[in-house]
Amino acid sequence: MAEAMDSISCSICLEILKDPVTIPCGHNYCMDCIKCYWDQLLVCNCPQCRQTFTPRPVLNKNTVMADLVETLTEINTKKMQEVRHKAAVGDSEGLSKMKVVSLPEPNTREEFLKCE
Ligand SMILES: [Zn+2]
Ligand SMILES: [Zn+2]
């Protein structure tokens, strides 16, 4: 999971990718981050692998990556909520379940026949 979260974070802002774009070397960055980064350079390069690109590549939003980011952040949020929920509920959930189990059993069929 940590690795998956790594692959959807931007190495420029170190945040989860926002409008992810994939540059020709295969690395992903936020659209805004890589644009700002390249605006400061004479020759566009990848901040991670230092591969240079001439002319400046056209940046298109990677929709597959955007979906992945959405899915992974959603899973992560849900997990965090689950953990928080479990911590808040504690053992009380387990106790109520035990009460249900220890309720008296209804009369068995055998007893019913004896009464007749
Ligand atoms: Zn970024
Ligand atoms: Zn790269």
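These questions and answers go through a predicted model of one protein.

Me: In what pattern do the helices and strands follow one another along the sequence?
Reply: The protein has five helices and four strands. Read along the sequence, they give the pattern α-β-β-α-β-β-α-α-α.

Me: What percentage of the residues of the protein count as buried?
Reply: A residue is buried if 20 or more other C-beta atoms lie within 10 Å of its own. The protein has 116 residues, and the share that counts as buried is 10%.

Me: Which residues make up the largest nonpolar core?
Reply: In soluble globular proteins, nonpolar side chains tend to be buried together. Here the largest such core has 10 residues in all. Strand β2 (28-30) and helix α2 (31-39) each supply at least two residues of this core. Its members are I8, C10, L17, V21, I23, Y29, C30, C33, I34 and V69.

Me: Which residues does I34 touch, not counting residues up to four places away in sequence?
Reply: I34 belongs to the largest nonpolar core. Leaving out residues up to four places away in sequence, its contacts are I12, V21, I23, Y29 and L59.

Me: Which residue just after α3 takes a positive phi?
Reply: Helix α3 ends at residue 89. Just after the helix, a positive phi of about 65° is taken by G90.

Me: Is L14 buried or exposed?
Reply: L14 sits in the loop between α1 (2-7) and β1 (20-22). Its phi is positive, about 65°, although L14 is not a glycine. L14 has 8 C-beta neighbours inside 10 Å, so it counts as exposed.

Me: Where is R50 found?
Reply: R50 is not a glycine, yet it has a positive phi of about 65°. With 8 C-beta neighbours inside 10 Å, R50 counts as exposed. R50 is found in the loop between β3 (44-45) and β4.

Me: What is the omega of the peptide bond from T54 to P55?
Reply: P55 has its place in the loop between β4 (52-53) and α3. The peptide bond from T54 to P55 is cis, and its omega is near -5°.

Conventions
Residues are numbered from 1 along each chain as its sequence is written. Chains are lettered from A and ligands numbered from 1 in the order in which they are written. This is a predicted model: local features need pLDDT of at least 70, side-chain atom pairs count only at pLDDT 80 or more; totals for chains, interfaces and linings use all residues. The expected span of a helix is 1.5 Å times one less than its number of residues. A residue is buried if 20 or more other C-beta atoms lie within 10 Å of its own, exposed if 12 or fewer, and partly exposed in between; C-beta atoms are placed from the backbone. A nonpolar core is a set of buried Ala, Val, Leu, Ile, Met, Phe, Trp, Tyr and Cys residues joined through C-beta atoms within 7 Å. Two residues are in contact if their C-beta atoms, placed from the backbone, lie within 7 Å.
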